[in-house]
Amino acid sequence: MNHFGKILLVSFLITGCSDDTKHQELQANYQAMQAELAKLQKILLKQEPSQHTESGMVHSMATPNTMGHPVRLDTPEIGRRADDLPGPLNRAQEQVVSVELYTDELVAEIMPGVTYQYWTYNGQVPGPFIRARVGDQVEIHLRHGKANVAHAEHSEHTSSQHAAAGHSAHSIDLHAVIGPGGGAPLMQVGQGEEKRFRFKATHPGIYVYHCASPHIPTHIANGMYGMILVEPAEGLAKADREFYVMQGDFYTAGKFGIQGFQTFSQEKLLAERPEYFLFNGRVNSISGERALKAKVGEKIRIFVGVGSHIASNFHIIGAIFDNLYPDGAILNPPLKNVQTTTIAPGSAVMIEFTARTPGKYLLVDHSLTRAIDKGALAELIISGT
Ligand SMILES: [Cu+2]
C-alpha cells in the first residue's frame with residue numbers, strides 16, 4: 001500500500017496543468033492507479049470491499065475479532081456525512097436555539113474489518129453541527145444515553161464496568177461559551193441523567209465543543225467533539241455549498257489496518273502516537289457516494305476543525321483557498337490564496353474557494369504519511385456545469 005500510495009500521490013501532485021486533454025488523461029491514469037491500489041489493499045489486508053450502507057439500513061456484517069469470534073456492530077455508520085449541517089440562518093432577530101444531545105458508546109467499523117468502541121454525541125463522529133446567530137440564547141440539553149433506551153440494550157457492560165471504562169459521566173465544554181469550563185461544570189451528566197444549560201452567543205466565530213469529563217483526553221480521543229458556528233448578525237456571505245469536516249486522531253491497540261476488534265490504547269494516547277488520523281470518524285468516511293460534491297463555478301465553503309489532540313496541516317490537492325479564516329476568526333478579513341493551513345487541536349477554520357476544473361480533489365493532512373498510511377484522506381468531486 002505504501003509504495004503504490006506514494007506513486008499515486010506523486011502522480012496526482014504533478015497534475016497541475018491547464019491543458020484539458022492532458023488533465024483528463026492524467027485523471028484516467030489516476031483512476032486506474034486507484035483501482036490498482038484498491039486491489040493491492042485487498043490482498044495485503046485480506047479485506048473485502050466496504051459494505052457500508054446509508055443511514056437507516058442495518059449493517060448485517062459480523063466482524064471477526066482477534067480470536068475469530070464475531071463482534072456485534074452497534075451502528076452501521078459512525079461517520080457523520082460532511083453535508084450534514086444546518087443551512088444559513090437568514091434571520092434578523094435573536095432567538096432561543098435548542099440543541100438536543102445524547103451520549104452513546106458504540107462499536108463500529110473504523111475501516112472494513114476493524115472495529116472500535118467510539119464514544120459519541122448523538123451516535124456519530126463528529127457530533128452535530130450547531131448553528132446559532134450572535135445574540136441568540138443557546139440551550140443545550142444533554143442526556144447520558146439515548147432517550148428511551150435502557151443502557152443494557154446497546155451495551156454488554158454493567159454499570160460498574162461502565163464506570164471502570166471511564167465514562168460514568170459525560171459533559172460538554174463549548175468554546176463559544178464565556179465562563180468557567182465553557183459550561184462543563186454545569187453539565188457533568190451521570191449515567192441515566194440529563195441536564196440543560198443556556199448561554200448567550202456573544203462572539204461570532206467557528207468553535208469546537210467537546211466532552212470534559214475525566215479522563216478528558218480519553219473522552220475526546222474516542223470521538224466526543226463537534227463544532228458550533230456563531231454567525232454574525234448580518235450572516236455569512238452566500239456560498240453554494242457548505243461542508244462540515246473534523247479531523248481526529250485515534251489510538252487503537254493494534255496498528256493501522258490490523259483486523260478485528262481493537263481496544264483503546266491509553267499508552268499510545270499519552271505518547272501522542274495515534275494509529276489513525278481520520279476525517280469524520282472513519283477511514284473513507286468522506287469518499288465515493290459520501291464525497292464532498294460541487295459543480296464548476298460554485299463557491300464552496302468548508303468548516304474544518306480538529307477535535308482531538310494533534311494539529312492538522314490541512315490541504316486540498318489541486319485547490320487554493322481563495323479565502324481562509326484561520327483560528328475560527330470569521331470577523332477578520334480573510335487570508336487570500338492559501339495552500340495549506342495549520343489547525344490547532346480545539347480549533348477550526350473556515351475555507352472558501354471556487355473550483356474551476358472538473359475532477360477529483362483530495363483533502364489531506366499534508367503531513368502525508370497521515371493521509372497515505374493512516375487514513376487522513378477525503379474526496380471532493382467537482383462536476384462540469
Ligand atoms: Cu464523555
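Author: Strands here are DSSP runs of E with at least two residues, helices are runs of H or I with at least four residues, and both are numbered from the N terminus. The model is a predicted one, in which local features need pLDDT of at least 70, side-chain atom pairs count only at pLDDT 80 or more, and totals for chains, interfaces and linings use all residues. Residues are numbered from 1 along each chain as its sequence is written.

The partner of β16 is strand β24 (residues 377–383), which runs parallel to β16 and is joined to it by four bridges. Two strands count as paired if DSSP finds at least two bridges between them. Within this pair, serine 383 of β24 stands opposite lysine 295.

Both strands belong to an open sheet of five strands, ordered β16-β24-β23-β18-β21, whose pairing is mixed. Its edges are β16 and β21 (340–343), each of which pairs on one side only. From one strand to the next, the twist averages 20 degrees; for such angles, axes are lines fitted to C-alpha atoms, for helices over the stretch in contact, and the values run from 0 to 180 degrees between N-to-C directions. Elsewhere in this sheet, β18 (residues 312–317) and β23 (residues 359–365) pair in the antiparallel sense over four bridges. There, isoleucine 317 has leucine 362 in β23 as its bridge partner.

The loop between β15 (276–279) and β16 contains asparagine 284. Its phi is near 60 degrees, a positive value in a residue other than glycine. Asparagine 284 counts as buried because it has 20 C-beta neighbours inside 10 Å. By this criterion a residue is buried if 20 or more other C-beta atoms lie within 10 Å of its own, exposed if 12 or fewer, and partly exposed in between, with C-beta atoms placed from the backbone.

The peptide bond from valine 125 to proline 126 is cis, with omega near -5 degrees. Another cis peptide bond, with omega about -5 degrees, joins proline 214 and histidine 215. Most residues other than glycine have a negative phi, and most peptide bonds are trans.

As for the whole, the protein chain has seven helices and 24 strands. Buried residues make up 41% of its 385 residues. Of the contacts with a separation of 6 or more, 74% are between residues 24 or more positions apart; a contact requires C-beta atoms, placed from the backbone, to lie within 7 Å.

Confidence is expressed as pLDDT, the predictor's score for each residue from 0 to 100. The protein chain averages 85, and 78% of the residues score at least 70. Over residues 1–19 pLDDT stays under 50, although the model has 31 contacts beyond four places in sequence for them. Residues 39–69 likewise stay under 50, with 36 such contacts beyond four places in sequence. Where pLDDT is low, the predicted coordinates should not be read in detail.

Methods: Contact = placed C-beta atoms within 7 Å.
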